Amino acid sequence: MKRYGVMANEFKEIHIVGGGLAGSEAAWQAAQQGVPVVLHEMRPVRKTDAHHTDHLAELVCSNSFRSDDYENNAVGLLHEEMRRMDSLIMQAAAKHKVPAGSALAVDRDGFSEEVTKTLEAHPLITIERGEIEGLPPQEWDNVIVATGPLTSPALSKAVLELCGEDALAFFDAIAPIIYKESIDFGTAWFQSRYDKGDGADYINLPMTKAQYEEFVHDLNTGEKTDFKEWEKDTPYFEGCMPIEVMAERGPETLRFGPMKPVGLTCPHWDEKPYAVVQLRQDNKLGTLYNMVGFQTKLKYAEQTRIFKKIPGLENAQFARLGGLHRNTFLNSPKVLDGLMRMKADTRLRFAGQITGVEGYVESAAMGLMAGRMAATERKGGTPTPPPATTAFGALISHITGGADAKTFQPMNVNFGLFPPLEGRVHRKERKSAMSRRALDELTSWISELS
């Protein structure tokens, strides 16, 4: 019997481990290319602390896929790119959309039930319930691992043994990231402490004694988010201590820690700064800068309010705000190749949040790409990643080499990950210009696939 243009048994199956958004999208994409899929989901045989049903693609933390404005917002652009590539997740979201202004939000139960029903009905998809302990069997020669932030201990241990002790992170300590173009360089300056390295590897933001004391007070009194019940036993590590916890240890702790002013000379001030906030380049393009040592549990509104008081950040635009929660993600720039395969075992391809993307949409998008790539390989072809100027390509480029492996942290899609536009474009028109370029180049790339 012929299905989807090929014989159902023409190709050996692809195994996909994990039935979240990434795994579900990967299964759909591979099967739509005519390749049989076995989708392994451990629930309900083994439950997690975060999930409540045995549905595939269950939404845990939120029902929002964020902005749907593809002309001016990077995640909206990713929505549109996914729609143009027959995304199951976007189809289900459209069917179960609920009012949310310009955002795309869904009915949680209806959405996950739709995804489950669609995958169960697909003639080339087999769903098997049960945990895959450790690395998948060697006879599985084309595997997508999409196990999400709650990857089982057995699989985590196996990945560590395969790739080394810094292959995975188990505690997600995120510092805010700022668009470089929004920093005031009438106050900020480039310099490394004692002019080490290239001498100008950091952006520095000076503070007076009064500004520093107000900052510490704001950190101590600012409203914080609470840990979820299943996160409470996860200990802090000294290397990812929240900045407000450091501030609680004493008023001078930060000034002798991440905000120490020694070895720095502010060219804009006659007097020596009392404290200095440093920003470190976060991507190869140099468009995004990370606030060094500023991982935090402050609520998002509080972060914006407090951090914009820092001299030079009055008009800062944040590509990502900080956070701290239990997570499992790969050090992808170190361990994955440009086709999202593990360098140490290329039969294993990774997708979703475990790759170091943040957010439902980004996870599903990486599942879409992984499913397409795996199907192309199974059919004897060589996958070609999408252009880095697309939202798909920008994310893949970031996690597989555009980010620094030493400081890699999960990232939402944002325009700071995209290559700059050629020529002069007015600042207000850059996002829409980047979106037009992305969709044009995605269209060309898709045409080359067929």
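## Model and confidence

The model is predicted: local features need pLDDT of at least 70, side-chain atom pairs count only at pLDDT 80 or more, and totals for chains, interfaces and linings use all residues. Residues are numbered from 1 along each chain as its sequence is written, and side-chain values use heavy atoms, with hydrogens and water left out.

The protein chain has a mean pLDDT (the predictor's confidence in each residue, from 0 to 100) of 88. In this chain, 89% of the residues reach 70 or more. Over residues 1–8 pLDDT stays under 50. For that stretch the model has 16 contacts (heavy atoms within 4.5 Å) beyond four places in sequence. Residues 234–238 also have pLDDT under 50 throughout, and the model has 11 contacts beyond four places in sequence for them.

Helices (H or I, at least four residues) and strands (E, at least two) are DSSP runs, numbered from the N terminus. Two strands pair if DSSP finds at least two bridges between them. An open sheet is formed by three strands in the order 5-7-6, with antiparallel pairing. Strand 5 (64–67) and strand 6 (97–98) are at the edges with a single partner strand each, so one side of each has no neighbour in the sheet.

Strand 6 and strand 7 (residues 103–106) run antiparallel and are joined by two bridges. Within this pairing, V98 stands opposite A105 in strand 7. Strands of a sheet pair through backbone hydrogen bonds, either parallel or antiparallel.

## Salt bridges

The whole structure contains 21 salt bridges, a salt bridge being a side-chain nitrogen of Lys or Arg within 4 Å of a carboxyl oxygen of Asp or Glu. Side chains of opposite charge can pair when their charged atoms come close. For accessibility, buried means under 20% relative accessible area, exposed over 50%, and partly exposed in between (1.4 Å probe, protein chains only).

R84 is partly exposed at 38% relative accessible area, whereas E80 is buried at 14%. R84 and E80 also belong to a network of salt bridges that links them with D68 and R83.

E114 and K95 form another salt bridge, at 3.1 Å from N to O. This pair links distant parts of the chain, since E114 lies in helix 4 (residues 108–121) and K95 in helix 3 (residues 88–95), 19 residues apart. E114 is buried, with a relative accessible area of 10%, while K95 is exposed, with 59%. In helix 6 (residues 209–221), K209 and E213 lie four residues apart, about one turn of the helix. Their side chains meet in a salt bridge of 2.5 Å, N to O. K209 is partly exposed at 42% relative accessible area, and E213 is partly exposed at 41%.

## Helix 12

The buried residues of helix 12 are S432, A433, M434, S435, R437, A438, L439, L442 and W445. These buried residues pack against helix 2 (74–83), helix 10 (360–378) and helix 11 (391–402).

## Cysteines

The structure holds zero disulfides, a disulfide being a pair of cysteine sulfur atoms within 2.5 Å. C163 is buried, with a relative accessible area of 17%. C266 is also buried, with 6%.

## Positive phi angles

Most residues other than glycine have a negative phi, and most peptide bonds are trans. A57 is not a glycine, yet its phi is positive, at about 55°. A57 is placed in the loop between strand 4 (37–41) and strand 5, and its relative accessibility of 0% makes it buried.

R66, likewise not a glycine, has a positive phi of about 70°. R66 sits in strand 5, where its relative accessibility of 28% makes it partly exposed.
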